[in-house]
Amino acid sequence: MKQLLKNKFISVLLICAVVAIISYLYINRQQQEDKRTIVTIAVRQDDNVQNFDTNYYTKWLEDQTGYDIRFEYISEGYEKEYLYAMLNSERGRIDAVFLPEDESLLTEEEFSNYAGEGLLYDMKECMTEDCHFTALLEQYDSISMREKLSEDGSFYYIPNMDTTRKNRNMQVMWINMGWLKELGLKLPETPEELCTVLLAFRGSDPNGNGLSDELPLISCESSYELQSYNFILNAYIYNDPLHGRLYVDENGNLTSAVTEPAFREGLRVCANMYAQGLLTEECNHYSKRQLMELVNSPLDCVGAFTSQSIADMIYPNCPDILARFIQIPPLTGATGEQNAVYCDYEPSVGGYIPANSAHPREAFEIMDLMLSEEAALVASFGEENEDWKFSESGDLSTYSSQAMITTLQYITDTVQNKHYAGAGPLVLSAEHANGVTWNGNNSLVEYLDARAVRSYEGCYYEDRELFTSEERLTYVQEAIDASEQTDKGISQFIFGERDITSDEEWADFQNEVNPSE
Amino acid sequence: MNKECNMISRKGIMILCMMLMIGLTGCADNGPDSRRVKEMEQWVQTANLSGTESAEELYQAALEEDTLVIYSVSSRVFDVKDTFEKEYPGLTVEVKDIRGDDIVNKLLDNYEKGEFCCDLVICSDCDGRLNKELLEPGILYPYIPWDIAPQMKEGHADRELVFVGEALMFFYNEGVFDKQPISNIWELTEEQYKNRIIMANPLSSFSTYGFCTAVLSESDKIAEAYEEYSGDALVIPEGKTAGEIFWEQAVKNIVFTNSSDEVMEGIGSAGGGGYWIGIMISSKMRYQELGYHFAPIYRLNPLSTVYTPNTVTIAGGSKNVNAAKLFVRYLLGETDGTGEGIVPFRTEGTWSVRMDIPDANSVPLSEIDCIPINEEYLYENMDTMSEFWKELLKENVTP
């Protein structure tokens, strides 16, 4: 009996010891967690992200940095006001801001103004030789990232940059295949054939609703890729609005294309299309969003449009509308001109730190980590071996090259809790971005874009390297700076405000865009 | 007393263990697999797949159901969906356009989880998996409308219901050649065709896989064709076949891509890269109307074409079985073959499966060097074939 009591006493003691140890460990961990620095990040809510706080990517970043990351949502509908107020608020409320991939919240000018007003934290102070941001600055294109991202030697944001081949191509023309089939028409290969097709679109009721509601070719002034006339002009002369519409003439000189007779001929054709009601002006001043609604309308009223990605105009989850449109390769002009415009990588603001941040260094550490390869893979594809894995040799990417990434669960454009749906600092290496396997879905926008871009890549301007060469950089920049006047004139000629057939008006235009000559 | 207590508790533990084992055995009997089989048996009874309902009766019953979900390898089903919804107001169709291999995997996964979210499957069976892994175990079921069955051509309404005849075949770029540039398959191994041939990755394209393995299965004919091509007998090392030697040499000239759409763009469009020869599904010939400039190679020694018919089957567990049956009827052109549903599939590059409807393709199968797909052979040799192609692709995919 005595032995039994003794045993029981020892057991109780043991249990007490175990409970004490567990309690100690728990309390200690709690204390440690309490001591963790809290970094608060402002972010716009995204329908495709279940919860930023419980997100796999957030947990991954917390594990790597040891900080406690918390999110505050940017007020919907008052984004700009929120962002400005936050920069002027009391110290320490927000430590960093992550912007969405679509660059919709802040214009370059607004951001520059904030920097000028001293409202942004200069990250130069945090940058070390071995940080990811420093490594990125020396990569990509002949104009280094350092020049693109710095403002007078200061760095106010960490970029978000799409490095896919799709993003290298300025615009693709997409045409309504259903209408072509309905009317027994072929894909146009020349501007004249395009005119014929658009005329049929306008007059033959291809959507079959008995109404004359067809918009043969839509265009939108909000960006170069949505201006469908830029696509047509490229069949006459190399028309590169991203580089001041410069081209290399027969003497090898870099010169303005807009003063050439071939450019005028292109404008004449576009103006003629407008006059015939083929190139519609009514949506010219729409926002991209409004244009998108038009293309996605069940009324099926759009014949053709241009965009960089098909997802810029058609919602990714509308397979029937995606199946309706097909890309047209660059048109060939009478003189054999067939051009596509190649883009440099253009970083947008991924994240920045307000000058009033209480934890700027910690915020920088998190954002810098987000530029690492490992983070970029999580941010793009989710959890390794759960959502994606490295490909086996022999697998093909959407671009039909050797694949690097095999998606196990395709979580782009779907509701998920693995990453931030592209928001925040993110630069995935081109090798990985272009090396993703196709999931077999014929309506996958990445696949449709990859197919389209391959029919444009062969038409990139062969002298494009000149635009970014050291000795011509200033000249190119001046032409880009003067673009506003040129763009305005082009639009006026096409949409009937000026007469392209008038030599006098053409001479006036040349003087406006080239005053020195 | 203690001993007695111990004995009682030991007995108690043993009884408990036995009860647990019996319980577990009972659970095994009612495990997910057998439960699923029972579910399927019940579903088959209620689905009444051999019923003799009219289209109108099916329509009335379908109005009580939900959206019909179709997994399809063919984007033309979107066109059928549009006219179907007009023909039968009140019914809605959702089409998921996915690859054949993914359809099989998705259905297996759905079945395992007991998620019967697909109603109808439109797919070709180019490696035998559809038949062996879905039809035989009772995950998919054929539905052959009773009044259309007498009109079906032989071999098209047996285990599976074929609704359109298609083929994987060679095509040439009409922008480069004004007539067929090859007459013997071995010409494709010549240096001049380096990077001039384009075909889909056989490991991701169901129909291309069927084509490649069909060539492998016809090794004797391939060897004979070699002799006619070169004048010498093909030297075949031990452990190899003529088909393997052909592909090992041909892949050095081939650029691989993801799908027949890309092959079509490669050989037929202005910006396609100017490939000379493409291997793709014949139904892409409908794009010739849109101006794609490619032409089929009908005659080639020893074969130009592998017949890969497209089937339609109802997914076991379908909650919208009346709508599914109605859609099958519609897809086949209804009783008299004049229904709108068949129209998107009556284009060049397709052959009719009904005796009362003529072929859409201008050249009948009998005038084409065509072999049927051998599903049994493909399924039995699937692992060997996959390994063979994996090895070839490792060395020959564009970096």
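Trainee: Which are the buried residues of helix H14 of chain A?

Mentor: This is a predicted model, so keep that in mind throughout. Helix H14 of chain A runs over residues 373-381. A residue counts as buried if 20 or more other C-beta atoms lie within 10 Å of its own. In this helix that gives Ala375(A), Ala376(A), Leu377(A), Val378(A), Ala379(A) and Phe381(A).

Trainee: What covers the buried residues of H14(A)?

Mentor: The cover includes both helices and strands of chain A. Among the strands are E15 (388-390), E16 (405-407) and E17 (426-427). Among the helices are H2 (56-65), H13 (360-369) and H15 (430-433).

Trainee: How many helices and strands does chain A have, and what part of its residues is buried?

Mentor: Start with the elements: chain A has 19 helices and 17 strands. Its C-alpha atoms fill a box of roughly 115 × 50 × 45 Å along the principal axes. The chain has 517 residues, and the buried part is 43%.

Trainee: Among contacts in chain A between residues at least 6 apart in sequence, what share joins residues at least 24 apart?

Mentor: Here a contact means C-beta atoms within 7 Å. Take the chain A contacts between residues at least 6 apart in sequence, and ask which join residues at least 24 apart. The share is 76%.

Trainee: How is chain A divided, and what separates the centres of domain 1 and domain 2?

Mentor: Domain 1 of chain A covers 1-27, and domain 2 covers 36-166 + 348-378. Domain 3 of chain A covers 170-341 + 444-513. Taken over C-alpha atoms, the centres of domain 1 and domain 2 of chain A are separated by 52 Å.

Trainee: How many residues does each chain bring to the contact between chain A and chain B?

Mentor: Chain A brings 30 residues and chain B brings 29. On the chain A side, helices H7 (177-183), H12 (319-322) and H16 (445-457) each give two or more. By class, that side has 11 nonpolar, 14 polar and five charged residues. The counts you asked for are 30 from chain A and 29 from chain B.

Trainee: Which helix gives the most to the side of domain 1 of chain B that touches domain 2 of chain B?

Mentor: Domain 1 of chain B is 50-165 + 309-363, and domain 2 is 167-308 + 369-396. In their contact, 19 residues of domain 1 meet 20 residues of domain 2. Helices H5 (100-113) and H6 (129-135) of chain B each supply at least two residues to the domain 1 side. The one that gives the most, with three residues, is H6(B).

Trainee: Where in chain B is the pLDDT below 50?

Mentor: On average, chain B has a pLDDT of 89, and 92% of its residues score at least 70. One stretch falls below 50, and beyond near neighbours in sequence it has two contacts in the model. That stretch is residues 21-30 of chain B.

Notes. Residues are numbered from 1 along each chain as its sequence is written. Chains are lettered from A and ligands numbered from 1 in the order in which they are written. This is a predicted model: local features need pLDDT of at least 70, side-chain atom pairs count only at pLDDT 80 or more; totals for chains, interfaces and linings use all residues. Domain bounds come from an automatic or database domain assignment. Helices (H or I, at least four residues) and strands (E, at least two) are DSSP runs, numbered from the N terminus. pLDDT is the predictor's confidence in each residue, from 0 to 100. A residue is buried if 20 or more other C-beta atoms lie within 10 Å of its own, exposed if 12 or fewer, and partly exposed in between; C-beta atoms are placed from the backbone. Ala, Val, Leu, Ile, Met, Phe, Trp, Tyr, Cys and Pro count as nonpolar, Asp, Glu, Lys and Arg as charged, and the others, Gly among them, as polar.
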